[in-house]
Amino acid sequence: MPKSAEEFSFGRNWSNFLRHSLQADQIEIAKAQTARFLGLTGLEGLTFIDIGCGSGIFSHAAHALGAAEVISFDVDPLSVRCCEHMREQAGCPENWRVFHGSVLDRDIISRLPPADIVYSWGVLHHTGAMWNAIRNAAGLVKPGGRFFISIYNRLEYDTMRQYRGSHGWLRLKRIYNRNPAIVKRAMECWFAAKDLAAFLVTLRNPFREIRRYRGKRGMSWWYDLVDWVGGYPYEFASSGEMFSFCHGELGLQLERLHSTSSLGCNEFLFLRPRDVETAAEHPAAGVFGRQEAGGAIS
Ligand SMILES: C[S@@+](CC[C@H](N)C(=O)[O-])C[C@H]1O[C@@H](n2cnc3c(N)ncnc32)[C@H](O)[C@@H]1O
């Protein structure tokens, strides 16, 4: 739930997504695409932390891919409820924990065991303190483990859509969040109509395009549109800025980058090298003692 009038309720949008959109094939798509980006066929023997789990479908995917342990958390209680629902759908496995918490809360982070895979897709730019969030999340990656994140791209001007780049979207999101529900719905419909018009003028069948959208991580065109128009706080970074921070400051190695030239998300897969000592910098140092460089992905 939003903490202030200007904060978007991601959890409400995810509840609607689960209620009105989610079907079994979308979970299969989430599984396949998560595994593909990680370069794996399964997660057997690996631990997985899902930061900002949202609908819970990627935690579900990790569990279904055989992860030894899944830990999911989100700052929005409605998102937590969605993820709990997904866990129930999976038969309430004991090796999957779901709780309410923020990646910005050092106390919570310090109590989590470092994981083989730390996954945080489309989350850290919505925390209101993106660089701190990236630092805290990266601190949870074991030596030899992977950090799979996506962050909104920085664009000074989006020629495709004629909005004024990332700063234009920031202004638009603020307008959305300051207004009553009827204005919000009007804005959502306006952007939906623009998408539909774009399909039609390029002679694409809107029904097919909307259905095809599920191929994007198992998501829904409509609920992604609501998230895209309203999702706030909102920060962004170019892939170069991300690389400088994650490699230069945090010592991670970039293994895979799926970049975009739009205002959408760049996806990154970073590796925490085994020879970088993380115990001192990890907020869990002292709580869990020295970390072992084990459980890596082969
Ligand atoms: C766009 S959704 C992404 C959900 C999911 N990771 C996915 O890929 O579908 C962003 C999620 O991040 C959560 N979030 C925002 N700030 C957070 C924070 N400080 N700590 C944990 N989760 C946060 C939101 O509540 C929301 O559920």
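Entry 1, α8 and α10. I began with this pair, whose crossing is right-handed; a crossing is right-handed if the near helix is turned clockwise from the far one by less than a right angle, and left-handed if anticlockwise. The model is a predicted one, and local features need pLDDT of at least 70, side-chain atom pairs count only at pLDDT 80 or more, and totals for chains, interfaces and linings use all residues. Residues are numbered from 1 along each chain as its sequence is written.

I read an angle of about 115 degrees for α8 and α10, with their axes 10 Å apart. Axes here are lines fitted to C-alpha atoms, for helices over the stretch in contact, and angles run from 0 to 180 degrees between N-to-C directions. Helices (H or I, at least four residues) and strands (E, at least two) are DSSP runs numbered from the N terminus. On the α8 side I listed Lys184, Met187, Glu188, Phe191 and Ala192, and on the α10 side Leu225, Val226, Val229 and Gly230. Contact is taken as C-beta atoms, placed from the backbone, within 7 Å. By class I noted 6 nonpolar, 1 polar and 2 charged residues in the contact of α8 with α10. The classes are nonpolar for Ala, Val, Leu, Ile, Met, Phe, Trp, Tyr, Cys and Pro, charged for Asp, Glu, Lys and Arg, and polar for the others, Gly among them.

I looked up helix α1 (residues 10-20) against helix α4 (residues 77-89) and found an angle of about 30 degrees, with the axes 6 Å apart. α1 and α4 are therefore roughly parallel to each other; angles under 35 degrees count as roughly parallel, over 145 as roughly antiparallel, 65 to 115 as roughly perpendicular and the rest as oblique. I noted the crossing of α1 and α4 as left-handed. α1 contributes Phe10, Gly11, Arg12, Trp14, Ser15 and Leu18 to the contact, and α4 contributes Pro77, Leu78, Ser79, Cys82 and His85. I sorted the residues of this contact into 6 nonpolar, 4 polar and 1 charged.

I found that the axes of α2 and helix α3 (residues 57-64) come within 9 Å and cross at roughly 70 degrees. α2 and α3 are therefore roughly perpendicular to each other. The crossing of α2 and α3 is right-handed. I listed Gln26, Ile27, Ala30, Lys31 and Thr34 of α2 as meeting Ile57, Phe58, His60, Ala61, Ala62 and Ala64 of α3. The contact of α2 with α3 has 7 nonpolar, 3 polar and 1 charged residues.

Is histidine 63 buried or exposed? Histidine 63 is in helix α3 and counts as buried, because it has 24 C-beta neighbours inside 10 Å. The cut-offs are 20 or more other C-beta atoms within 10 Å for buried, 12 or fewer for exposed, and in between for partly exposed, with C-beta atoms placed from the backbone. Leaving aside neighbours within four places in sequence, I found histidine 63 in contact with Val70, Ala90, Pro93 and Trp96. Its C-alpha atom is separated by 8.5 Å from that of asparagine 95, 32 residues apart along the chain.

Alanine 35 sits in helix α2 (residues 24-38) and counts as partly exposed, with 17 C-beta neighbours inside 10 Å. With neighbours within four places in sequence left aside, alanine 35 is in contact with Leu40, Thr41 and Leu65.

Most residues other than glycine have a negative phi, and most peptide bonds are trans. I found that cysteine 92 has a positive phi of about 50 degrees although it is not a glycine. Cysteine 92 is in the loop between α4 and β3 (96-100) and counts as exposed, with 9 C-beta neighbours inside 10 Å. Leucine 203, also not a glycine, has a positive phi of about 60 degrees and lies in the loop between α8 (181-201) and α9 (206-212). I also noted a cis peptide bond from tyrosine 232 to proline 233, with omega near 0 degrees. Proline 233 lies in the loop between α10 (221-230) and α11 (239-249).

I counted 22 residues surrounding the ligand, of which the closest are Phe10, Gly52, Gly54, Asp76 and Trp121; the cut-off is a C-beta atom, placed from the backbone, within 6 Å. The shell has 9 nonpolar, 10 polar and 3 charged residues.

Notes: Two residues are in contact if their C-beta atoms, placed from the backbone, lie within 7 Å.
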